[in-house]
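Me: I'd like to understand the labels used for one residue and its chain. Could you take me through them?

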Amino acid sequence: MDYGYGNNYSTGYGAQGAADGGGFVGGEVQSSPAGGKGGYGKDTVRPVTIKQILHANHPHPDAEFKIDGDIVTQLTFVGQIRNISTQATNITYKVDDGTDIIEVKQWIDSESNQDQMDTDSGKPKLIEDGYCRVWGRLRAFHDKRHVQAHIIRPISDYNEINYHLLEATAMHLFFKFGPPPSAGGNDQKMAQNGQANGNTSVNVGGKELPQNLSPRAKMVYKYLRESPQSNEGQHVQLIASNMGLEVNDVYRAAEELVESGLTFTTVDEHTWAVLDY
Amino acid sequence: MSLSTPRILPKHLEQFGPNAHAPVNTVRLLGTITSIHGSSATLTSGDGDTVTLVLNRDSHLSPQSLYEIVGKVINLEGGAGLGVRVMATTEWPKNPEGKPVDLKVYEAVVDATHRSKEIFYVDEEK
(Lines give C-alpha, C1' and ligand atoms only; values in the text may rest on other atoms or scores of the structure.)
Protein backbone atom coordinates (compact mmCIF):
# COMPACT_ATOMS: atom_id res chain seq x y z
CA MET A 1 0.00 0.00 0.00
CA ASP A 2 1.31 3.42 -0.88
CA TYR A 3 0.20 6.32 1.22
CA GLY A 4 2.31 8.73 -0.74
CA TYR A 5 4.74 9.11 2.14
CA GLY A 6 7.63 8.14 -0.08
CA ASN A 7 7.49 11.46 -1.89
CA ASN A 8 8.12 13.48 1.23
CA TYR A 9 11.35 11.69 1.86
CA SER A 10 12.84 12.49 -1.53
CA THR A 11 16.44 13.55 -1.18
CA GLY A 12 16.03 15.43 -4.44
CA TYR A 13 13.36 17.47 -2.76
CA GLY A 14 15.65 18.82 -0.08
CA ALA A 15 18.42 19.70 -2.43
CA GLN A 16 16.19 21.47 -4.90
CA GLY A 17 14.19 23.20 -2.22
CA ALA A 18 17.38 24.80 -1.03
CA ALA A 19 18.23 25.91 -4.53
CA ASP A 20 14.84 27.56 -4.95
CA GLY A 21 15.17 29.39 -1.66
CA GLY A 22 18.50 30.81 -2.67
CA GLY A 23 16.93 32.38 -5.71
CA PHE A 24 19.59 30.91 -7.95
CA VAL A 25 18.44 28.07 -10.09
CA GLY A 26 20.56 26.44 -12.70
CA GLY A 27 18.23 26.47 -15.74
CA GLU A 28 17.79 22.72 -15.76
CA VAL A 29 14.92 22.19 -13.37
CA GLN A 30 13.00 25.39 -13.83
CA SER A 31 12.97 25.50 -17.58
CA SER A 32 12.05 21.89 -18.06
CA PRO A 33 8.35 21.81 -18.88
CA ALA A 34 7.88 18.09 -18.23
CA GLY A 35 10.36 17.78 -15.41
CA GLY A 36 7.99 18.38 -12.52
CA LYS A 37 9.03 19.88 -9.21
CA GLY A 38 10.76 17.13 -7.32
CA GLY A 39 12.74 15.68 -10.17
CA TYR A 40 10.70 12.48 -10.23
CA GLY A 41 12.01 11.75 -13.69
CA LYS A 42 15.24 10.45 -12.21
CA ASP A 43 13.48 8.59 -9.42
CA THR A 44 14.11 5.20 -10.93
CA VAL A 45 14.81 2.01 -9.00
CA ARG A 46 18.32 0.67 -9.29
CA PRO A 47 19.29 -2.91 -8.38
CA VAL A 48 22.48 -2.84 -6.29
CA THR A 49 24.70 -4.83 -3.95
CA ILE A 50 25.10 -3.65 -0.36
CA LYS A 51 28.77 -2.99 -0.99
CA GLN A 52 27.76 -0.54 -3.72
CA ILE A 53 25.39 1.22 -1.29
CA LEU A 54 28.08 1.66 1.35
CA HIS A 55 30.58 2.87 -1.23
CA ALA A 56 28.13 5.23 -2.97
CA ASN A 57 29.59 8.65 -3.52
CA HIS A 58 28.10 11.25 -1.16
CA PRO A 59 30.29 14.37 -1.11
CA HIS A 60 28.24 16.41 1.40
CA PRO A 61 25.09 15.86 3.49
CA ASP A 62 22.73 17.64 1.07
CA ALA A 63 24.14 15.97 -2.00
CA GLU A 64 22.54 13.11 -3.82
CA PHE A 65 24.07 9.65 -3.68
CA LYS A 66 25.84 8.47 -6.78
CA ILE A 67 26.80 4.96 -7.81
CA ASP A 68 28.99 4.59 -10.89
CA GLY A 69 28.44 8.31 -11.50
CA ASP A 70 24.67 8.04 -11.74
CA ILE A 71 22.29 9.47 -9.15
CA VAL A 72 20.48 6.84 -7.08
CA THR A 73 17.46 7.55 -4.97
CA GLN A 74 15.38 4.40 -5.03
CA LEU A 75 17.16 1.09 -4.86
CA THR A 76 16.46 -2.59 -4.46
CA PHE A 77 18.51 -5.50 -3.18
CA VAL A 78 18.25 -9.02 -1.84
CA GLY A 79 19.91 -10.30 1.33
CA GLN A 80 19.78 -12.43 4.41
CA ILE A 81 18.34 -10.95 7.60
CA ARG A 82 20.90 -11.24 10.39
CA ASN A 83 18.98 -9.44 13.09
CA ILE A 84 15.51 -8.01 13.62
CA SER A 85 14.91 -5.42 16.30
CA THR A 86 11.52 -3.92 16.86
CA GLN A 87 11.47 -0.37 18.19
CA ALA A 88 8.65 1.97 19.08
CA THR A 89 8.53 3.66 15.68
CA ASN A 90 10.31 1.29 13.35
CA ILE A 91 11.61 -2.21 12.78
CA THR A 92 15.33 -2.40 12.04
CA TYR A 93 16.68 -5.31 10.04
CA LYS A 94 20.38 -6.03 9.58
CA VAL A 95 20.67 -7.36 6.06
CA ASP A 96 23.70 -9.22 4.67
CA ASP A 97 24.01 -10.04 0.97
CA GLY A 98 27.50 -11.51 1.01
CA THR A 99 29.05 -8.22 -0.12
CA ASP A 100 28.46 -6.26 3.10
CA ILE A 101 25.87 -5.56 5.78
CA ILE A 102 23.47 -2.62 6.07
CA GLU A 103 20.61 -1.62 8.34
CA VAL A 104 17.15 -1.41 6.83
CA LYS A 105 14.49 0.52 8.71
CA GLN A 106 10.81 0.25 8.14
CA TRP A 107 8.46 2.65 9.87
CA ILE A 108 5.62 1.07 11.74
CA ASP A 109 2.26 2.27 10.51
CA SER A 110 -0.23 1.09 13.11
CA GLU A 111 -3.17 1.06 10.71
CA SER A 112 -1.54 -0.82 7.89
CA ASN A 113 -0.01 -3.23 10.40
CA GLN A 114 -3.44 -4.29 11.42
CA ASP A 115 -4.34 -5.00 7.82
CA GLN A 116 -1.26 -7.14 7.43
CA MET A 117 -2.07 -9.11 10.55
CA ASP A 118 -5.39 -10.10 9.03
CA THR A 119 -4.24 -10.99 5.55
CA ASP A 120 -0.67 -12.22 5.95
CA SER A 121 -1.12 -14.96 8.50
CA GLY A 122 -0.65 -17.78 6.01
CA LYS A 123 2.28 -16.28 4.07
CA PRO A 124 6.00 -16.70 4.75
CA LYS A 125 7.27 -14.14 7.26
CA LEU A 126 10.45 -12.17 7.69
CA ILE A 127 12.63 -14.20 10.04
CA GLU A 128 16.27 -14.10 11.13
CA ASP A 129 18.55 -15.89 8.66
CA GLY A 130 15.76 -15.79 6.07
CA TYR A 131 16.28 -14.06 2.72
CA CYS A 132 14.37 -10.91 1.86
CA ARG A 133 13.93 -8.44 -0.99
CA VAL A 134 14.06 -4.75 -0.06
CA TRP A 135 12.87 -1.72 -1.97
CA GLY A 136 13.79 1.57 -0.42
CA ARG A 137 15.65 4.79 -0.35
CA LEU A 138 19.22 5.35 0.76
CA ARG A 139 19.57 7.66 3.78
CA ALA A 140 22.52 8.96 5.71
CA PHE A 141 22.23 9.89 9.36
CA HIS A 142 25.43 11.46 10.67
CA ASP A 143 28.02 9.18 9.12
CA LYS A 144 25.93 6.07 9.14
CA ARG A 145 23.96 4.89 6.14
CA HIS A 146 20.77 2.96 6.21
CA VAL A 147 17.95 2.12 3.85
CA GLN A 148 14.47 3.41 4.52
CA ALA A 149 12.39 0.54 3.25
CA HIS A 150 9.14 1.07 1.37
CA ILE A 151 8.65 -2.65 1.03
CA ILE A 152 10.50 -5.58 2.52
CA ARG A 153 9.24 -9.06 1.80
CA PRO A 154 10.54 -12.60 2.26
CA ILE A 155 11.96 -14.50 -0.71
CA SER A 156 9.98 -17.55 -1.72
CA ASP A 157 11.78 -18.50 -4.95
CA TYR A 158 15.51 -18.63 -4.14
CA ASN A 159 16.43 -18.15 -7.79
CA GLU A 160 15.60 -14.50 -7.13
CA ILE A 161 18.81 -14.14 -5.09
CA ASN A 162 21.09 -15.15 -7.94
CA TYR A 163 18.93 -13.28 -10.42
CA HIS A 164 19.27 -10.09 -8.42
CA LEU A 165 23.07 -10.34 -8.21
CA LEU A 166 23.28 -10.75 -11.98
CA GLU A 167 20.92 -7.83 -12.52
CA ALA A 168 22.98 -5.61 -10.22
CA THR A 169 26.14 -6.60 -12.12
CA ALA A 170 24.50 -5.87 -15.46
CA MET A 171 23.50 -2.38 -14.31
CA HIS A 172 26.96 -1.73 -12.92
CA LEU A 173 28.55 -2.71 -16.23
CA PHE A 174 26.03 -0.56 -18.11
CA PHE A 175 27.02 2.54 -16.17
CA LYS A 176 30.71 1.70 -16.38
CA PHE A 177 31.03 0.76 -20.05
CA GLY A 178 27.82 1.96 -21.68
CA PRO A 179 25.13 -0.12 -23.35
CA PRO A 180 25.96 -3.66 -24.48
CA PRO A 181 27.10 -4.11 -28.07
CA SER A 182 24.32 -4.38 -30.63
CA ALA A 183 24.27 -5.21 -34.31
CA GLY A 184 24.94 -1.58 -35.29
CA GLY A 185 28.51 -0.86 -36.33
CA ASN A 186 29.23 2.05 -34.04
CA ASP A 187 27.87 0.35 -30.97
CA GLN A 188 30.01 -2.66 -31.64
CA LYS A 189 33.06 -0.50 -31.94
CA MET A 190 32.14 1.31 -28.74
CA ALA A 191 31.94 -1.88 -26.71
CA GLN A 192 35.07 -3.40 -28.15
CA ASN A 193 36.99 -0.24 -27.56
CA GLY A 194 35.76 -0.08 -24.00
CA GLN A 195 36.70 -3.64 -23.25
CA ALA A 196 40.02 -3.73 -25.02
CA ASN A 197 41.41 -0.60 -23.45
CA GLY A 198 39.65 -0.98 -20.15
CA ASN A 199 38.20 2.48 -20.60
CA THR A 200 35.23 4.04 -22.26
CA SER A 201 36.85 5.99 -25.02
CA VAL A 202 34.44 5.94 -27.91
CA ASN A 203 34.85 6.61 -31.54
CA VAL A 204 31.71 8.00 -33.10
CA GLY A 205 31.83 9.36 -36.59
CA GLY A 206 35.59 9.59 -36.62
CA LYS A 207 35.84 11.68 -33.48
CA GLU A 208 37.27 10.47 -30.18
CA LEU A 209 34.88 11.12 -27.28
CA PRO A 210 36.29 11.96 -23.85
CA GLN A 211 36.39 9.03 -21.46
CA ASN A 212 34.54 10.73 -18.64
CA LEU A 213 31.30 11.20 -20.59
CA SER A 214 28.35 9.32 -19.12
CA PRO A 215 26.82 6.55 -21.24
CA ARG A 216 23.71 8.66 -21.65
CA ALA A 217 25.70 11.60 -22.99
CA LYS A 218 27.35 9.28 -25.49
CA MET A 219 23.96 8.02 -26.62
CA VAL A 220 22.64 11.56 -27.07
CA TYR A 221 25.76 12.57 -28.99
CA LYS A 222 25.46 9.55 -31.25
CA TYR A 223 21.79 10.32 -31.84
CA LEU A 224 22.46 13.98 -32.65
CA ARG A 225 25.23 12.99 -35.04
CA GLU A 226 23.25 10.40 -36.90
CA SER A 227 19.87 12.06 -37.21
CA PRO A 228 19.19 14.33 -40.16
CA GLN A 229 18.83 17.96 -39.11
CA SER A 230 19.29 21.54 -40.13
CA ASN A 231 22.07 23.62 -38.65
CA GLU A 232 19.63 24.66 -35.95
CA GLY A 233 20.07 21.28 -34.28
CA GLN A 234 17.32 19.63 -32.28
CA HIS A 235 15.07 20.68 -29.43
CA VAL A 236 15.16 18.87 -26.10
CA GLN A 237 11.58 17.60 -26.49
CA LEU A 238 12.33 16.12 -29.88
CA ILE A 239 15.47 14.38 -28.64
CA ALA A 240 13.66 13.05 -25.60
CA SER A 241 10.73 11.66 -27.52
CA ASN A 242 12.84 10.16 -30.31
CA MET A 243 15.27 8.52 -27.90
CA GLY A 244 12.64 7.53 -25.35
CA LEU A 245 14.47 9.39 -22.59
CA GLU A 246 13.27 11.65 -19.81
CA VAL A 247 13.60 15.35 -20.58
CA ASN A 248 15.73 15.84 -17.47
CA ASP A 249 18.12 13.13 -18.59
CA VAL A 250 18.52 14.82 -21.96
CA TYR A 251 19.28 18.12 -20.22
CA ARG A 252 21.95 16.49 -18.11
CA ALA A 253 23.49 14.69 -21.08
CA ALA A 254 23.41 17.86 -23.15
CA GLU A 255 25.05 19.82 -20.38
CA GLU A 256 27.91 17.34 -20.33
CA LEU A 257 28.24 17.50 -24.10
CA VAL A 258 28.28 21.31 -24.13
CA GLU A 259 30.88 21.36 -21.35
CA SER A 260 33.03 18.97 -23.35
CA GLY A 261 32.72 21.19 -26.41
CA LEU A 262 31.02 18.50 -28.47
CA THR A 263 27.73 20.29 -29.00
CA PHE A 264 26.52 23.89 -28.75
CA THR A 265 23.22 25.61 -28.15
CA THR A 266 21.62 27.20 -31.19
CA VAL A 267 18.28 29.06 -31.32
CA ASP A 268 17.66 28.83 -27.57
CA GLU A 269 18.99 27.10 -24.46
CA HIS A 270 17.07 23.96 -25.19
CA THR A 271 18.30 23.22 -28.69
CA TRP A 272 21.66 21.75 -29.54
CA ALA A 273 23.65 20.91 -32.63
CA VAL A 274 26.83 18.91 -33.03
CA LEU A 275 29.95 21.02 -33.16
CA ASP A 276 31.97 20.01 -36.19
CA TYR A 277 35.45 21.16 -36.88
CA MET B 1 36.51 -3.53 7.68
CA SER B 2 35.06 -5.62 4.99
CA LEU B 3 32.24 -8.00 5.84
CA SER B 4 32.06 -9.58 2.43
CA THR B 5 31.86 -13.30 1.82
CA PRO B 6 32.46 -13.88 -1.88
CA ARG B 7 30.51 -16.60 -3.65
CA ILE B 8 32.77 -19.30 -5.04
CA LEU B 9 32.82 -22.81 -6.50
CA PRO B 10 35.00 -25.64 -5.12
CA LYS B 11 37.58 -24.98 -7.86
CA HIS B 12 38.23 -21.50 -6.45
CA LEU B 13 39.16 -22.72 -2.94
CA GLU B 14 42.89 -22.36 -3.61
CA GLN B 15 42.54 -18.61 -4.28
CA PHE B 16 40.88 -18.03 -0.91
CA GLY B 17 42.92 -20.50 1.12
CA PRO B 18 45.16 -19.70 4.08
CA ASN B 19 48.23 -19.80 1.84
CA ALA B 20 46.86 -17.44 -0.78
CA HIS B 21 47.04 -13.71 -0.15
CA ALA B 22 43.33 -13.35 -0.62
CA PRO B 23 41.50 -10.20 0.53
CA VAL B 24 39.14 -12.47 2.49
CA ASN B 25 39.03 -16.15 3.29
CA THR B 26 35.47 -16.42 4.45
CA VAL B 27 33.44 -17.56 1.48
CA ARG B 28 30.00 -18.71 0.36
CA LEU B 29 29.30 -21.94 -1.50
CA LEU B 30 26.03 -23.28 -2.89
CA GLY B 31 25.63 -26.99 -3.46
CA THR B 32 24.04 -30.28 -2.52
CA ILE B 33 25.09 -32.18 0.60
CA THR B 34 26.05 -35.57 -0.82
CA SER B 35 27.39 -37.29 2.30
CA ILE B 36 27.76 -36.74 6.04
CA HIS B 37 30.31 -38.55 8.23
CA GLY B 38 30.26 -37.47 11.86
CA SER B 39 31.68 -33.97 11.99
CA SER B 40 32.40 -33.64 8.28
CA ALA B 41 30.27 -33.55 5.17
CA THR B 42 30.71 -33.33 1.41
CA LEU B 43 29.14 -30.59 -0.66
CA THR B 44 28.81 -31.10 -4.41
CA SER B 45 28.47 -28.04 -6.62
CA GLY B 46 26.50 -27.76 -9.83
CA ASP B 47 29.58 -28.52 -11.96
CA GLY B 48 30.21 -31.79 -10.07
CA ASP B 49 33.22 -30.67 -7.98
CA THR B 50 33.21 -31.45 -4.28
CA VAL B 51 34.47 -29.80 -1.12
CA THR B 52 34.88 -31.18 2.39
CA LEU B 53 32.99 -29.28 5.07
CA VAL B 54 34.09 -29.31 8.70
CA LEU B 55 30.85 -28.99 10.62
CA ASN B 56 30.17 -27.16 13.86
CA ARG B 57 27.80 -28.33 16.56
CA ASP B 58 24.96 -26.14 15.32
CA SER B 59 24.99 -27.32 11.73
CA HIS B 60 22.07 -29.59 11.06
CA LEU B 61 22.37 -30.67 7.44
CA SER B 62 20.12 -33.14 5.74
CA PRO B 63 21.59 -35.15 2.87
CA GLN B 64 20.57 -34.52 -0.76
CA SER B 65 19.31 -31.03 0.07
CA LEU B 66 20.64 -27.78 -1.33
CA TYR B 67 22.51 -25.54 1.11
CA GLU B 68 24.30 -22.25 1.07
CA ILE B 69 27.36 -22.48 3.30
CA VAL B 70 29.26 -19.57 4.80
CA GLY B 71 32.62 -20.70 6.07
CA LYS B 72 36.34 -20.20 6.32
CA VAL B 73 38.75 -21.88 3.92
CA ILE B 74 41.21 -23.96 5.98
CA ASN B 75 43.86 -26.64 5.60
CA LEU B 76 42.26 -29.95 6.53
CA GLU B 77 43.90 -32.06 9.24
CA GLY B 78 46.29 -34.73 8.08
CA GLY B 79 47.28 -32.86 4.92
CA ALA B 80 44.05 -33.72 3.16
CA GLY B 81 44.05 -30.48 1.20
CA LEU B 82 41.69 -27.55 1.55
CA GLY B 83 38.28 -27.62 3.15
CA VAL B 84 35.74 -25.22 4.61
CA ARG B 85 35.02 -24.79 8.31
CA VAL B 86 31.30 -24.12 8.44
CA MET B 87 30.11 -20.96 10.17
CA ALA B 88 26.51 -20.84 8.95
CA THR B 89 24.22 -22.87 6.74
CA THR B 90 21.00 -21.93 5.00
CA GLU B 91 18.85 -24.44 3.20
CA TRP B 92 17.68 -23.26 -0.22
CA PRO B 93 14.31 -24.94 -0.67
CA LYS B 94 12.52 -25.66 -3.93
CA ASN B 95 10.50 -22.79 -5.32
CA PRO B 96 6.69 -22.63 -4.94
CA GLU B 97 6.32 -24.56 -8.22
CA GLY B 98 8.37 -27.41 -6.76
CA LYS B 99 11.47 -26.83 -8.90
CA PRO B 100 14.95 -26.78 -7.35
CA VAL B 101 17.14 -23.68 -7.57
CA ASP B 102 19.01 -23.44 -10.89
CA LEU B 103 22.69 -24.06 -10.11
CA LYS B 104 23.76 -22.85 -13.56
CA VAL B 105 22.56 -19.39 -12.57
CA TYR B 106 24.69 -19.64 -9.43
CA GLU B 107 27.73 -20.45 -11.59
CA ALA B 108 26.99 -17.31 -13.61
CA VAL B 109 26.83 -15.33 -10.36
CA VAL B 110 30.21 -16.70 -9.28
CA ASP B 111 31.63 -15.69 -12.65
CA ALA B 112 30.16 -12.18 -12.34
CA THR B 113 31.43 -11.90 -8.74
CA HIS B 114 35.02 -12.39 -9.81
CA ARG B 115 34.83 -10.39 -13.02
CA SER B 116 33.27 -7.38 -11.29
CA LYS B 117 34.96 -7.77 -7.91
CA GLU B 118 34.58 -4.09 -7.15
CA ILE B 119 30.85 -4.41 -6.43
CA PHE B 120 31.18 -7.70 -4.52
CA TYR B 121 34.24 -8.02 -2.36
CA VAL B 122 37.33 -5.92 -3.03
CA ASP B 123 37.78 -2.21 -2.88
CA GLU B 124 37.68 -0.45 -6.17
CA GLU B 125 41.08 0.22 -7.63
CA LYS B 126 41.48 3.92 -7.73
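Reply: Happy to; we start with the ground rules and then turn to the residue. This is a predicted model, where local features need pLDDT of at least 70, side-chain atom pairs count only at pLDDT 80 or more, and totals for chains, interfaces and linings use all residues. Residues are numbered from 1 along each chain as its sequence is written, chains are lettered from A and ligands numbered from 1 in the order in which they are written, and side-chain values use heavy atoms, leaving out hydrogens and water.

Me: Why is Ser65(B) called buried?

Reply: Buried means under 20% relative accessible area (1.4 Å probe, protein chains only). Ser65(B) has 15% relative accessibility, so it counts as buried. In chain B, buried residues make up 48% of the 126 residues.

Me: What makes the Ser65(B) and Ser62(B) side chains a polar contact?

Reply: A polar contact is a pair of N or O atoms within 3.5 Å, where one must be able to donate a hydrogen and the other to accept it. The two side chains are paired at 3.3 Å, and that counts as a polar contact.

Me: Which residues does Ser65(B) touch, not counting those up to four places away in sequence?

Reply: Contact means heavy atoms within 4.5 Å. By that rule Ser65(B) touches Gly31(B), Thr32(B), Ile33(B) and Glu91(B).

Me: Where is Ser65(B) found in chain B?

Reply: Strands are DSSP runs of E, at least two residues, and helices are runs of H or I, at least four, numbered from the N terminus. Ser65(B) sits in the loop between β3 (50-54) and β4 (66-75). The elements of chain B run α-β-β-β-β-β-α.

Terms used:
Buried means under 20% relative accessible area, exposed over 50%, partly exposed in between (1.4 Å probe, protein chains only).
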